[in-house]
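I opened this notebook to record what I looked up, beginning with the fold of one chain and ending with the contact between chains.

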Amino acid sequence: MDQILNVLVVGLLLGGIYGLVSIGLNLIFGVVRIVNFAQGELVMFGMYGSYFAYNQMGINPYLSVFIVAPLVGLLGVAIQRFVIQPLHAESNMQIFATFGLLMMFQNIMLAISKGEAWSVGGTMGTLVWDIGDIKVSVVRFISFAAVTLITIGLHFFLKQTIAGKAIRAVTQDKRAARAMGINVERTYLITFGIGSALAGLAGVLLTPIYAITPGVGGNFILAAFAVVVLGGLGSVCGAYIGGMIVGVVEAFAGFYIDPVLRSAVWFLIFLIVLIVRPSGLMGQVGAEEVGFREQN
Amino acid sequence: MNKTNSNVSTHALIDSATSVWGKYLLGMFALALPGVLLYHDAHWINIIAFTYLMAGVAAAWNIIGGFGGQFSLGHGVFFSIGAYATARIYISFDLSPWLITLPIAVCAAAVAALISWPTFRLRGPFFAIATLAFNEVAFVLANHFDSLTGGPRGLMISFKASLGNMIFKDRWQYAILMFGFVALVVAVSVALRRTRLGYYLLAVREDEDSARASGIDVLKVKLQGMALSAALTSVGGTLFAMYLRFIDPPTLFTLPEVGVKFALISLIGGIGTIAGPVLGAVLIIPFENYLRAEFANSLPGMSLVILGFLMVMAALFMKKGVYGLLLDILQKIKGKKGDAP
């Protein structure tokens, strides 16, 4: 029983990480339906940013969030303005363009880092709380708490504020939104900017957990898409739950089946959900068509 | 519609068989030329052989990705089915690759139909993401079933040169083999483009709902296109395995090198055209080799940065690829000459 509980906790904390890396994509893909394959690289930039802030300026890895996240957000705004916006009606070309960005970003960092893995030193990554027989990694718990708070915040942002309502209106019907006086292009810029900043934030919070390599974003990108689709397109809380599902499934499959196969198991679940119910577990039926139907 | 436009379109529709196959022969002749001229140059013939192979696989991808408009990023799965099955059967049972290529291709087509049957419900980016997931699943499985695939250590094919083994002493012999492959795939594309299935695929690409409304069995058409594309891709995988004589999961499933590369080559050349993928490979593969050699020591990964940049630029400014660009230029020159035919 303790064993199961331990695996469950490990899985939930892992789910927190998956939730964290996908929260930006949730906004970018889940809400405004932009296909961004370079999202994992934005997370990677967040990690490198936090590393540089710590190594060069001695800023605490967690404090650097306030510098790094806005910077990554600005990068996102630039991507949206110069790459995505000209391609707004063509999701296939968005795939190509953002995959090209993925290759560029990954290999620019490869050229800079010469392929060496870096990590923020210190003992913080190994700190553990003992609760009964259950071990809880402190840094993982922090990211779990962060993703919970951000999810709640994002949910209220989208549902309650004018800016959030504008974002949802633009997704549902661009033309009508424009007729209501919403600046569609600016709404896209803002959304992509926030989504990117959240990816940068995720990167900062993951710095104490993962070794920083140029390819680290590649580990997250499919997971992020899986989480967003699993939870339900456009549903912020759904993505939170989707992250937990992926984390728990991976932990149990890794423990009881085979560590090598652990990701294959949730890939398969993802594929099944994608095929049976492409709108996701908590999304409205047909949600996968919204925003792609009429992108003019 | 003005007069010149309608002329152009009817002209394109009723190209006679002789004219189309004449163009094909001309194109293949041009493609073979560098191989013939440089067959003694060990460095170049290596690049040329690989260019032929990638041209063939990109043209195979183009059948479903270009004609059918279904942007698969998971063609690495079919490529690796060909590579792994060939290597495993050759190593364990010592069967000639010539004998098993076709049966393996049929198996790859069956697998493709099986996994695509549910995925074809998805449209646009969702389809692409699902195929990406298939690629990752296959990567994990290839690492896991090491009795079949050799796992992370990979499979090594020992060097026993003979025609029957599809292993050759000289690189130019491989170049002939790869040229045969690309000639085959392009011939299939040319032929397909003139059949009912070819036109159905185009109809599905242009507007799926209208295609269905006009009585096309959309799912069946997509499945047939995918099966054909996967079978040809698997043949490419066979040749790849016998050419490198070493395969492991990273060489077969790394997206920028395999699954996405096929699509990238087609995009640069011109998606949905017959000449496009071949043109793309001719431009990209030697260029990439040059970049790799140039930056290998100073800036690792620089070649992929430039390729990624090209990909972004092509998506933004050259959606019809180099081939489309050439056609546009040709059109303009013709237009300036006046309407006289």
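The entries below follow the order in which I looked things up.

Entry one, overall form of chain B. I noted at the outset that this is a predicted model. I looked up the secondary structure of chain B and found 16 helices and two strands. The radius of gyration of chain B is 20 Å, close to the 20 Å that the globule rule gives for 341 residues, so I recorded chain B as being as compact as a globular protein of that length. Along the principal axes, the C-alpha atoms of chain B fill a box of roughly 65 × 45 × 40 Å.

Entry two, packing of chain B. I found that 47% of the 341 residues in chain B are buried. When I took the contacts in chain B between residues at least 6 apart in sequence, 78% of them joined residues at least 24 apart.

A:Ser137 in β2(A) has A:Val128 opposite it. Two residues lie between the strands of this hairpin, in which A:Gly132 takes a positive phi near 60°.

I asked how many residues the contact takes from chain B and from chain A. Chain B gives 36 and chain A gives 37. On the side of chain B that touches chain A, the elements giving two or more residues are α5 (97-119), α6 (124-144), α13 (259-269) and α15 (302-317) of chain B. The most comes from α6(B), with 14 residues. By class, I recorded 27 nonpolar, six polar and three charged residues on that side of chain B.

How values were computed: Residues are numbered from 1 along each chain as its sequence is written. Chains are lettered from A and ligands numbered from 1 in the order in which they are written. This is a predicted model: local features need pLDDT of at least 70, side-chain atom pairs count only at pLDDT 80 or more; totals for chains, interfaces and linings use all residues. Helices (H or I, at least four residues) and strands (E, at least two) are DSSP runs, numbered from the N terminus. The radius of gyration is taken over C-alpha atoms; the globule rule is 2.2 Å times the number of residues to the power 0.38. A residue is buried if 20 or more other C-beta atoms lie within 10 Å of its own, exposed if 12 or fewer, and partly exposed in between; C-beta atoms are placed from the backbone. Two residues are in contact if their C-beta atoms, placed from the backbone, lie within 7 Å. Two strands pair if DSSP finds at least two bridges between them. Ala, Val, Leu, Ile, Met, Phe, Trp, Tyr, Cys and Pro count as nonpolar, Asp, Glu, Lys and Arg as charged, and the others, Gly among them, as polar.
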